[in-house]
Amino acid sequence: MEIKVRKASDRGGGDHGWLKTFHSFSFADYHDPKHMGFRALRVINEDYIAAGAGFPTHAHRDMEIITYVLGGAIGHKDSMGNGSTIKPGEVQRMSAGTGVSHSEHNGSKSETTHMLQIWIVPDRAGHKPGYEQKAFPDAERRDQLRVVASPDGRDGSVTIHQDATLSATLLSPGKTVTHALADKRNAWIQVARGKITVNGTALDTSDGAAITGGGELALTATEDAEVLLFDLA
């Protein structure tokens with residue numbers, strides 16, 4: 001098993017006034033040929049959206065887009081007729097498929113929205129656009145890995161068109177969760193907040209890690225932490 005750490009301080013991104021954004025992989029004006037994604041995982045953007053600001057209507061196609069809110073809330077409207085607000089503990093999945101337009105807006109007058117936007121390349125082009133939003137209470141993620149996105153929608157997770165499973169955990173200091181990574185599978189770990197070790201390798205807030213080779217992963221919190229784990233083909 002090999003673990004390659006992607007330090008938060010090495011990410012791309014920028015400060016646009018209304019938006020502070022950090023890109024784990026190449027995105028928009030940030031291009032790094034060594035960090036174009038990991039397996040089917042193409043984008044992890046950590047966004048801070050100022051009160052009253054947001055992304056105007058824009059188009060996507062052939063991408064599975066997952067929004068995971070860490071603080072505040074984000075309003076969503078799309079060309080499929082969906083309109084909703086996503087809050088911490090909720091996961092939104094939008095399959096862009098053959099094409100969809102949407103906007104995202106922080107409707108608060110005072111609070112910054114803090115969120116992760118995740119793009120996963122689908123298993124094929126041309127899926128019908130789709131939308132899901134589900135809540136995963138803290139109790140379901142506390143000191144255990146909770147599947148929040150999967151190809152078969154298991155355990156009430158949102159469904160994505162790719163052989164990839166996303167789990168989330170809220171880890172108390174000193175607690176450990178384990179994940180058996182099958183042979184020829186790969187994992188990406190993203191620390192949303194806090195500090196953990198992965199098989200002894202230290203990760204801090206907003207760090208990521210690419211893991212190749214099968215075996216057991218042990219995630220231990222050295223302080224209260226929120227962590228995402230992707231199991232990828």
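Strand 11 is largely enclosed by the rest of the structure, because 8 of its 8 residues are buried, where buried means under 20% relative accessible area, exposed means over 50%, and partly exposed lies in between, with a 1.4 Å probe and protein chains only. The model is a predicted one, in which local features need pLDDT of at least 70 and side-chain atom pairs count only at pLDDT 80 or more, while totals for chains, interfaces and linings use all residues. Residues are numbered from 1 along each chain as its sequence is written, and side-chain values use heavy atoms, with hydrogens and water left out. Strands (E, at least two residues) and helices (H or I, at least four) are DSSP runs numbered from the N terminus.

To see how strand 11 sits, begin with its side chains. Thr-113, Met-115, Gln-117 and Trp-119 point one way from the strand, whereas His-114, Leu-116, Ile-118 and Ile-120 point the other way, and all are buried. Strand 11 runs antiparallel to strand 4, to which 8 bridges join it; two strands count as paired if DSSP finds at least two bridges between them. Within this pairing, Asn-45 stands opposite Gln-117 of strand 11. Strand 6, made of residues 64-71, also pairs with strand 11 in the antiparallel sense, over 7 bridges, and here the bridge partner of Tyr-68 is Leu-116 in strand 11.

A pocket is found on a 1 Å grid over the protein atoms alone, as an open set of points with protein on both sides within 12 Å along at least five of seven lines, and lining residues have an atom within 4 Å of a point. The largest pocket holds about 290 Å³ of space, a volume being the space filled by probe spheres set on the points, with grid points joined across faces, edges and corners. Its lining is made of 19 residues, of which Leu-19, Thr-21, His-23, Phe-27 and Ala-28 lie nearest the centre. By class, the lining of the largest pocket divides into 7 nonpolar, 9 polar and 3 charged residues; Ala, Val, Leu, Ile, Met, Phe, Trp, Tyr, Cys and Pro count as nonpolar, Asp, Glu, Lys and Arg as charged, and the others, Gly among them, as polar.

The second largest pocket has a volume of about 230 Å³, and the residues that line it include Glu-2, Arg-6, Phe-25, His-35, Trp-188 and Thr-212. Strand 1 (2-6) and strand 20 (208-212) each supply at least two residues of this lining, and strand 1 gives the most, with 4 residues. The lining of the second largest pocket has 5 nonpolar, 3 polar and 4 charged residues.

Strand 7, residues 74-78, pairs with strand 8 in the antiparallel sense over 4 bridges, and His-76 stands opposite Ser-84 in strand 8.

Several single residues complete the picture. Thr-165 lies in strand 15, residues 164-171, and counts as buried at 11% relative accessibility; its side chain is joined to that of Arg-154 by a polar contact of 3.3 Å, a polar contact being a pair of N or O atoms within 3.5 Å in which, within protein, one must be able to donate a hydrogen and the other to accept it, and residues adjacent in sequence count only if both atoms are side-chain atoms. His-161 lies in the loop between strand 14 (158-159) and strand 15 and is partly exposed, with a relative accessible area of 26%. The C-alpha atoms of His-161 and Asp-123 are separated by 5.8 Å, although these residues are 38 residues apart along the chain.

Asp-143, in the loop between helix 1 (138-141) and strand 13 (146-150), has a phi near 60°, a positive value in a residue other than glycine, and is partly exposed, with a relative accessible area of 26%. Lys-184 is found in the loop between strand 16 (176-181) and strand 17 (186-193); its phi is near 70°, again a positive value in a residue other than glycine, and Lys-184 is exposed, with a relative accessible area of 78%.

Conventions:
1 Å grid on protein atoms, 1.4 Å probe; cavity = no way out; pocket = protein on both sides within 12 Å on 5 of 7 lines; lining within 4 Å.
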